[in-house]
Amino acid sequence: MVLATAGASAALAQAARAAREHLLLTDPHSELAQLVREGNAMRPWFAPLTARQAHVSELVAVGMTNTEIARHLGISVRTADAHVMSIFNKLDLHRRRQLAQWVIRSRS
């Protein structure tokens, strides 16, 4: 899908809005455990990602850079870069806006 520059900006803004409307995973491990207890984890919205990768993908969707993600999560920038690259590889994506769109589709 090819978007003009204005379209890409609009898509990213929409992704950020959509991610803010949903609760972000603030504590992915305990929230995933809660889903398992409730019997809702057969296929979580973020499959095939890990809970940590889902958390990182949401932060990308709201427009955070890898540096901001690292600071937010208390990890190194290099680790944040590795998470983002792993997410791109797992989902066969190449752009941050594609990931933001994937988060929106998966959460709905």
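**View 1. Ser 57 touches Trp 45, Leu 49, Ile 87, Leu 99 and Val 103, leaving aside residues up to four places away in sequence.** Contact here means heavy atoms within 4.5 Å. Welcome to a predicted model, in which local features need pLDDT of at least 70 and side-chain atom pairs count only at pLDDT 80 or more, while totals for chains, interfaces and linings use all residues. Residues are numbered from 1 along each chain as its sequence is written, and side-chain values use heavy atoms, with hydrogens and water left out. Ser 57 sits in helix α3; helices (H or I, at least four residues) and strands (E, at least two) are DSSP runs, numbered from the N terminus. Ser 57 counts as buried because its relative accessibility is 0%. Buried means under 20% relative accessible area, exposed means over 50%, and partly exposed is in between, with a 1.4 Å probe and protein chains only.

**View 2. Val 103 belongs to helix α6.** Is Val 103 buried or exposed? Its relative accessible area is 3%, so Val 103 is buried. Apart from residues up to four places away in sequence, Val 103 touches Trp 45, Ser 57, Glu 58 and Ala 61. Look for Phe 46 as well: Val 103 and Phe 46 are 57 residues apart in sequence, and their C-alpha atoms are 7.8 Å apart in space.

**View 3. Helix α6 has 12 residues.** From first C-alpha to last, α6 reaches 17 Å, close to the 16 Å expected at 1.5 Å a residue. The expected span of a helix is 1.5 Å times one less than its number of residues. Leu 99, Ala 100, Gln 101, Trp 102, Val 103 and Ser 106 are buried in α6. Which residues does Trp 102 touch, not counting residues up to four places away in sequence? They are Trp 45, Phe 46, Ala 47, Pro 48, Leu 49, Leu 91 and Leu 93.

View 4. The 15 residues of α5 should span 21 Å at 1.5 Å a residue, and its end C-alpha atoms are 21 Å apart, which agrees. In α5, the buried residues are Ala 80, His 83, Val 84, Ile 87, Phe 88 and Leu 91. After α5 comes Asp 92, with a positive phi near 55°.

**View 5. The largest nonpolar core holds 22 residues.** A nonpolar core is a set of buried Ala, Val, Leu, Ile, Met, Phe, Trp, Tyr and Cys residues joined through side-chain atoms within 4.5 Å. Val 56, Ile 69, Leu 91, Leu 99 and Trp 102 touch the most other members. The elements giving two or more residues to this core are α3 (51–61), α4 (66–73), α5 (77–91) and α6 (96–107). Helix α3 supplies the largest share, six residues.

View 6. Of its 108 residues, 37% count as buried. Among contacts between residues at least 6 apart in sequence, 58% join residues at least 24 apart.
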